[in-house]
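Open the model in your viewer and give each chain its own color. We will walk along the place where two chains meet, one selection at a time.

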Amino acid sequence: MTASTEPHGPQVDPFPERYAKALADPNIRDGLLDFQRSWRTTRDAQMESLEAITGFTFGDLRERLTTAKDHVIADPAGHVARFRRAAEARGVRVVQVRSADEANAYIAQLCRERGVSLVVKGKSMVSEEIGLNAALAEAGIEAVETDLGEWLLQLDGDHPSHLVMPAIHKRRHQVAALFTRVLGRPFDPDDIPAMVVAARTELRSRFLAAGLGVTGANALIAETGTAMLVTNEGNGRLTSSLPPVHVITTGVEKVLPTAADAITQIRLLARSATAQPITTYTTFISAPAPGHELHVVIIDNGRSVMAAQHGLEDAMRCIRCGACANVCPAYQVVGGHAFGHVYTGPIGLVTTGFHHGLDAADGPQSLCVSCGACATVCPVTIPLPQQILEVRQRVLAQRPDGWRTRLALRAFASRTVVAAAMRVGAIALAPLRRGQFTRLAFGIASRYVSWRTPPALPARPARDQAAEVSPRAITGSPLAGRRIAFFLQCVGDRLAPEIPLAAITLLRAAGAEVNIPSAQHCCGLPAFDAGDRDNARRMARDTIVALEGSDDVVTPAPSCVVAMLKEYRTLFDDDPAWQARAQRLAERVYDLVGYLSGPGRLPAGSLASGASDAVAVHRFCQGSNMLDAGDRLERLIAELTGVEVVPLYEAEVCCGFGGSTSVRAPEISAGILERKLANVGAAGAPILVTDNPGCVLHLRGGADAARAPFRVMHVAEFLAARLPRD
Amino acid sequence: MVNTQTVDDTIAAFKQRASDARSIVHEMSDWHEVSALALELAGSGTIAVSSPVTEAWPGLLESIGERATPPGQDHAVTATASVGIVRGALGIAETGSVLLVEEHSSDRAVSMLPPVVVQLLDRADIRPTLDALLERVFAAPPTFASLTTGPSRTADIERALTIGVHGPHDVHVVILG
């Protein structure tokens with residue numbers, strides 16, 4: 001990521017300013033909440049009907065398109081050469097340039113040679129990436145955006161906040177005010193058709209007068225030398241057809257091997273982008289019109305460096321559908337100006353460093369909560385969560401104060417240091433302890449605690465209390481004979497011992513022999529999440545060693561299971577011996593819900609005693625997105641207890657705890673939490689049950705600070721409280 | 001494909017999906033009925049006709065009469081037309097799309113600039129799936145081909161669907177034969 005040293009593209013404000021501005025604008029989060037919800041509903045309906053219409057599932061098609069894209073990633077030069085040969089044979093001028101400056105210079109020179117002073121533009125993210133408009137303006141050439149969203153942003157001196165819906169951060173009253181100001185007559189915010197008519201009228205004269213049109217391309221088909229262009233408004237067809245010169249600005253990532261691949265992309269693109277079966281116009285351009293010129297400018301601008309990075313090359317599959325942003329809970333809170341750079345949303349966090357320098361990638365990447373939702377909807381299976389963490393490692397490595405993070409995590413990696421610190425903390429904060437919480441002095445309104453009451457620091461960690469747990473046995477001791485190495489998880493052990501203790505109670509009551517290996521500490525996730533690979537490996541190795549030599553490993557923390565199943569693989573990808581040991585752990589580790597739903601299954605109704613208040617269930621986001629957990633927690637509760645589980649809207653959307661986000665960007669955590677608490681409130685159950693201890697503390701603190709009318713419980717607490725009593 | 005096994009199924013699926021995309025679908029026995037539709041849609045305005053139409057149905061231009069403008073006009077002239085008439089080279093049932101193959105810039109203007117566009121499509125040219133493009137478009141790629149699916153639209157302001165931006169506001173698909 002070092003090749004792109006000089007920043008290119010439009011002038012973008014520094015990240016802290018963009019972040020503060022986004023947080024201060026409620027239009028962004030309100031608008032994006034509506035947008036994400038309506039997109040999710042319509043997109044899911046499109047994918048649902050896909051098989052009946054095409055004979056293929058989303059999974060089938062994304063696998064095909066992924067394979068096609070991977071062929072190009074394996075041999076970009078060969079595929080570009082094939083495209084070039086076919087296109088040039090039909091009179092297309094194909095130009096390959098290394099940098100943004102070269103691309104801009106080529107287009108400006110073309111304008112000069114053809115005497116062009118007015119350029120019309122279709123929507124092109126590549127042209128945004130290279131800062132084409134500003135470069136043309138410098139050369140005395142006016143460039144007019146013709147996509148409605150892009151045009152109104154241009155009028156406002158603004159820039160896109162989404163790959164597909166560029167002006168999604170603006171609400172109708174803002175657009176009406178803008179049109180009123182610029183066009184000099186009043187516009188009614190609720191009359192969107194009138195604004196659209198005004199755009200048609202204003203831009204029609206520009207289409208007819210322009211000497212050159214610039215568009216992007218959604219695909220370049222190597223087999224036939226064809227550029228594919230996908231639009232809804234029709235501005236792409238006009239831009240490419242009316243002016244005598246058409247220039248396509250694009251990158252090698254748009255190349256597809258065959259026409260059949262382009263059809264696969266058509267089937268996925270609009271469904272993923274705008275939740276349509278197909279857009280209004282899908283245009284295939286293979287040659288210049290008689291008497292016209294067609295230039296295809298293929299721009300590298302960091303792409304070949306990105307393609308050579310192990311672990312990041314898959315980002316070159318991106319078809320710019322924007323689906324990743326549409327499910328990203330952090331994006332909903334601040335929008336694409338903060339969550340991204342020129343390229344916005346999760347994919348923008350990966351690609352920005354290559355196009356605009358690693359500094360530009362630093363701020364936005366810290367907003368990712370690692371929930372994994374983006375990867376579930378990506379139509380080309382880009383492993384975005386892993387890639388964002390990979391970028392985070394690189395950012396941390398080059399940050400001048402990165403040593404502080406590494407030093408802090410080095411200390412945290414030591415069980416004895418943490419144990420000592422927690423003892424001191426518990427004594428110091430004991431006077432502020434009120435039940436489950438630490439009540440700070442009235443009036444403290446820090447960005448860290450105003451929205452989430454911190455937990456109480458317990459006098460004794462779970463590990464010191466585990467031996468005292470000896471519950472009455474469930475009839476028949478269904479887990480008799482099973483030997484379990486229990487992984488407490490650092491959060492539960494030190495901050496919420498009631499959670500691991502409840503889990504131990506359950507397992508012992510069911511007859512299992514539960515041991516607590518004393519060398520255990522932290523799985524390493526916090527270090528991995530912070531981009532500190534060395535400390536993550538250190539903690540991962542300690543964890544693997546501590547848990548070796550038992551039958552099953554069970555933990556009340558599914559986040560640690562995700563780390564052991566997914567992150568350990570990447571951590572040890574250059575170390576076969578440790579990889580094998582990590583694999584042996586992966587084969588026998590379960591989170592509590594997974595265990596009780598699988599090998600540790602208890603008889604139905606065995607926890608049927610106790611209160612019968614209905615519960616709502618928050619699904620741990622990584623469990624849903626990375627472990628395919630689905631509704632297993634709801635089913636487990638219903639089956640074991642018979643308690644009614646009421647539906648919770650957006651149950652699988654992250655609660656905002658998300659690793660270290662609440663430390664690095666607490667406003668993001670708070671914003672996501674607000675969405676979750678509102679959904680839980682609407683569900684109307686007096687109890688919220690979930691299965692990851694970090695989420696429990698986060699939701700519990702948030703519910704307390706917001707005085708929400710429900711209690712938050714870990715599933716282990718909820719179930720253990722229903723064990724038969726004497 | 002799954003639900004388009006027979007010719008009738010294919011036609012029915014095409015009509016349904018084209019309507020879903022807000023095209024207005026007509027069925028006519030031959031091109032003679034088209035001029036009446038075009039004149040009705042044009043009111044007192046002019047009717048632009050593209051060259052693939054005059055090649056396929058040489059009599060249509062004359063049957064419309066003086067309100068029709070022949071192919072090859074300047075864009076500024078075509079922009080004043082009330083109706084454009086174009087030829088669909090294929091209909092695709094999978095998406096309700098009509099494929100336009102338009103070599104000349106002036107023909108593309110006919111399908112894009114007038115507020116109302118009539119797309120004429122032979123019944124025999126309706127195919128079940130997008131795979132039909134492999135033969136019709138990609139075996140010998142034409143200069144410029146577009147799958148069009150309903151009228152021009154935008155959702156750029158608060159994702160509110162609005163019909164008729166830069167292209168036509170009304171698209172009539174006429175299945176002939």
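Keep in mind as you look around that this is a predicted model. Start with polar contacts: between chain A and chain B, 33 residue pairs make them, both partners being at pLDDT 80 or more.

Next, select the chain A elements that face chain B. Helices α2 (26–54), α8 (148–155), α9 (172–183), α10 (192–209), α11 (235–241) and α12 (259–273), along with strand β9 (281–285), each bring at least two residues to that side. Stay on α10(A) for a moment: with 10 residues, α10(A) gives the largest share of the chain A side.

Zoom out to take in the whole interface. Here 67 residues of chain A are in contact with 55 residues of chain B. About 4900 Å² is buried between the two chains, and carbon and sulfur atoms give 60% of this area. On the chain A side, pick out R200(A), R237(A) and F284(A), which lose the most area to chain B and together account for 14% of what that side buries.

Now for the charged pairs: five salt bridges cross between chain A and chain B. To see a salt bridge, show the side chains of R267(A) and E94(B), which come together at 2.8 Å, N to O.

Finish at the strands. Select β9(A) and β9 of chain B (residues 144–148): they run antiparallel and are joined by five bridges. Center on I285(A), and across from it you will find F144(B) in β9(B).

How values were computed. Residues numbered from 1 in each chain as written. Chains lettered and ligands numbered in written order. Predicted model: local features only at pLDDT ≥ 70, side-chain atom pairs only at ≥ 80, totals over all residues. Heavy atoms only, no water. Contact = heavy atoms within 4.5 Å. Buried area = accessible area lost by both parts, 1.4 Å probe. Salt bridge = Lys/Arg side-chain N within 4 Å of Asp/Glu carboxyl O. Polar contact = N/O pair within 3.5 Å; in protein donor to acceptor, adjacent residues only side chain to side chain. Helix = DSSP H or I, 4+ residues; strand = E, 2+ residues; numbered from the N terminus. Pairing = 2+ DSSP bridges.
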